[in-house]
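My notes follow in the order I looked things up.

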Amino acid sequence: MNLASARIRYLVSCLAWPTIFLMAVAITAIGFAADSPVLGFNVAYLTLAVSLFALEQIMPHEREWNVDDGQTFASLAHTMTSKGTVQTLFIFSAALGLSSLIAPAAESGYGIWPRDWPIVVQVVIGLAAAEFGLYWGHRLAHEWPVLWRFHAIHHSVVRLWILNTGRFHFIDSLKSILMAMGILMLLGAPMEVFHWVAALTAFIGMLTHCNVEMRFGPLSYIFNTPGLHRWHHSRDLREGNKNYGENLVLWDLLFGTFFNENRRPPVNIGIGEYMPPGFLQQLLWPFRGRRRLHSVAGMSAGHTSLPPLNSPAE
Ligand SMILES: [Zn+2]
Ligand SMILES: [Zn+2]
């Protein structure tokens with residue numbers, strides 16, 4: 001690689017995260033301004049996915065993570081079922097009349113929400129408030145074994161790339177969304193804030209899992225960047241049980257779970273327990289108590305067999 005192309009690569013790695021994020025935000029804002037928020041979001045999401053997929057081929061963070069792991073179909077299927085479940089929940093809530101209770105309140109305003117503040121400020125408050133639910137939903141999923149059964153599906157992959165973004169057991173997704181949106185509802189946030197928080201969560205989520213060589217600098221002290229999330233996927237729980245934030249690192253910083261060391265995160269990611277390879281088996285796996293325990297007991301490679309945290313990164 002000559003000096004000029006090395007410099008261009010460096011520049012792209014510094015600018016990629018903020019540029020792609022702001023591009024998605026700008027397209028969504030145009031959609032809102034044109035009174036077509038759904039169209040705006042979909043165009044923004046597609047642009048984000050295509051840009052990141054192209055960069056994953058051109059300048060991957062780990063070349064090994066571009067090799068097929070046999071989990072593409074399962075990850076896609078989890079993404080579809082998670083999204084389908086959330087949408088069904090909204091349809092059922094409408095059928096049960098819940099939305100007719102929430103919508104007028106969201107239109108007229110209640111609670112302590114500062115509705116007369118600029119929308120940008122309201123969205124920032126909305127992100128921080130929803131993040132409290134996302135943070136604790138995620139942290140409990142790691143610290144409470146019953147919830148870990150569901151969340152383990154997300155962590156069972158051995159590579160990170162954009163398709164892992166939606167790879168969640170649908171019950172895991174549902175729990176996170178109810179916790180985040182429940183807080184916004186209790187505070188009386190307007191619909192526009194709900195839409196923006198949902199859109200930004202989708203954008204940051206895909207950025208977080210991309211396999212693109214990027215540099216983040218101070219961004220990692222505000223947003224959950226891929227650099228932080230790669231630690232979260234470590235097999236070593238001293239690194240993996242950290243960085244629970246989904247969009248922001250605010251609550252990680254406050255609750256002492258922020259982790260960002262000046263060395264390369266591990267390439268060998270995953271979990272130290274068995275996970276069946278098929279989508280349907282994975283869906284049923286959290287409910288199969290005895291067989292699960294038998295398989296876990298049969299595994300010899302646990303987290304404790306890993307080298308000390310301070311040993312040189314491989
Ligand atoms: Zn996790
Ligand atoms: Zn992840």
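I started at F203. Leaving out residues up to four places away in sequence, F203 touches F21, A24 and L48. I count two residues as in contact if their C-beta atoms, placed from the backbone, lie within 7 Å.

A note on the source: this is a predicted model, where local features need pLDDT of at least 70, side-chain atom pairs count only at pLDDT 80 or more, and totals for chains, interfaces and linings use all residues. Residues are numbered from 1 along each chain as its sequence is written, and chains are lettered from A and ligands numbered from 1 in the order in which they are written.

**Cores.** Next I asked which residues have the most contacts inside the largest nonpolar core. They are L52 and F203, in a core of 44 residues. Two or more residues each come from α1, α2, α5 (119-143), α7 (170-187), α8 and α9 (226-232). The largest share, nine residues, is from α8. A second, separate core has six residues, including A141, A152, I153 and F168. For the term, a nonpolar core is a set of buried Ala, Val, Leu, Ile, Met, Phe, Trp, Tyr and Cys residues joined through C-beta atoms within 7 Å. Buried means 20 or more other C-beta atoms within 10 Å of the residue's own, exposed means 12 or fewer, and partly exposed lies in between; the C-beta atoms are placed from the backbone. Helices are DSSP runs (H or I, at least four residues), as strands are (E, at least two), numbered from the N terminus.

**Helix α1.** I then went to α1, residues 3-33. Its 31 residues reach 43 Å from first C-alpha to last, close to the 45 Å expected at 1.5 Å a residue. The expected span is 1.5 Å times one less than the number of residues. Where is the kink in α1? I found it at L15, about 50°, shortly before the proline P18. The bend at a residue is the angle between axes fitted to the seven residues ending there and the seven starting there. The buried residues of α1 are A16, W17, I20, A24, I27, T28 and G31. Their cover includes α2 (37-58) and α8 (191-209).

**α2 against α8.** I checked how these two helices cross. Their axes come within 10 Å at roughly 10°. That makes α2 roughly parallel to α8. Axes are lines fitted to C-alpha atoms, for helices over the stretch in contact, and angles run from 0 to 180 degrees between N-to-C directions. Under 35 degrees counts as roughly parallel, over 145 as roughly antiparallel, 65 to 115 as roughly perpendicular, and the rest as oblique. On the α2 side I listed P37, F41, Y45, L48, A49 and L52; they meet H195, A199, A202, F203 and M206 in α8.

**Helix α5.** The 25 residues of α5 should span 36 Å at 1.5 Å a residue, and its end C-alpha atoms are 36 Å apart, which agrees. I noted a bend of about 25° at E131. Among the buried residues of α5 are G126, A130, E131, L134 and A141. The buried residues of α5 pack against α6, α7, α8 and α11. With α6 (residues 145-155), the axes come within 6 Å and cross at roughly 100°. So α5 is roughly perpendicular to α6. L140, A141 and H142 of α5 make the contact with L147, W148, F150 and H151 of α6.

G188 follows α7 with a positive phi near 80°. A189 sits in the loop between α7 and α8. Is A189 buried or exposed? A189 is buried, because 26 other C-beta atoms lie within 10 Å. Apart from neighbours within four places in sequence, A189 contacts W113, G126, L184 and F194.

**Positive phi outside glycine.** I looked up two residues here. D35, in the loop between α1 and α2, has a positive phi of about 65° although it is not a glycine. D35 is exposed, with 8 other C-beta atoms within 10 Å. N243 lies in the loop between α10 (237-240) and α11 (250-255). N243 is not a glycine either, and its phi is positive at about 50°. N243 is buried, with 26 other C-beta atoms within 10 Å.
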